[in-house]
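User: I'd like to learn how to read a helix and its packing in a model like this one. Can you walk me through it?

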Amino acid sequence: MKKIKLTIGALLITGVGFTTNPTSQPTKQELIKEITINIEDLIEFVKEDQYNGRMMTKELSETYVQNLIDVLSKVEDLNTVTK
């Protein structure tokens with residue numbers, strides 16, 4: 001759970017960094033790639049937490065993973081639309 005919060009915090013900080021430096025705005029492709037990598041990391045963190053017994057239940061872990069996979073799928077769909 002802490003890793004999820006840390007990753008979301010890192011995403012927010014990254015977003016703030018992008019908005020404070022207007023001369024080097026990332027492209028949509030770069031942002032989508034970054035989001036994809038972060039979601040994949042989150043999936044691995046949740047699986048690792050489940051394996052180490054840090055999740056409340058196996059069902060909760062599977063629900064998190066499934067929801068993250070759904071979000072990842074939508075991001076990949078967005079990536080194909082923006083190309």
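User: Which residues of H2 are buried?

Analyst: Keep in mind that this is a predicted model. The buried residues of H2 are Ile32, Thr36, Asn38, Ile39, Leu42, Ile43, Val46 and Asp49.

User: Why does Thr36 count as buried?

Analyst: Buried means under 20% relative accessible area. Thr36 has 15% relative accessibility, so it counts as buried. Leaving aside residues up to four places away in sequence, Thr36 touches Leu72 and Val75.

User: How do H2 and H3 pack, and at what angle?

Analyst: Look at the angle and the distance between axes. H2 covers residues 28-51 and H3 residues 58-82; they pack at an angle of about 165 degrees, with axes 10 Å apart. Angles over 145 degrees count as roughly antiparallel, and H2 and H3 are therefore roughly antiparallel to each other. The crossing of H2 past H3 is left-handed. Among the residues making the contact are Ile32, Thr36, Ile39, Leu42 and Val46 of H2, and Val65, Leu68, Leu72 and Val75 of H3. By type, the contact residues split into 14 nonpolar, six polar and three charged.

User: What span should H2 have, and what do its end C-alpha atoms show?

Analyst: Here you check length against residue count. At 1.5 Å a residue, the 24 residues of H2 should span 34 Å, and the end C-alpha atoms are 35 Å apart, which agrees.

User: Which residue with a positive phi follows H2?

Analyst: That's Gly53, with phi near 80 degrees.

Technical notes. Residues numbered from 1 in each chain as written. Predicted model: local features only at pLDDT ≥ 70, side-chain atom pairs only at ≥ 80, totals over all residues. Heavy atoms only, no water. Axes fitted to C-alpha atoms, helices over the stretch in contact; angles between N-to-C directions. Helix = DSSP H or I, 4+ residues; strand = E, 2+ residues; numbered from the N terminus. Parallel < 35°, antiparallel > 145°, perpendicular 65-115°, else oblique. Left-handed = near helix turned anticlockwise from the far one by under 90°. Contact = heavy atoms within 4.5 Å. Nonpolar A, V, L, I, M, F, W, Y, C, P; charged D, E, K, R; others polar. Expected span 1.5 Å × (residues − 1). Buried < 20%, exposed > 50% of the residue type's maximum accessible area, 1.4 Å probe, protein only.
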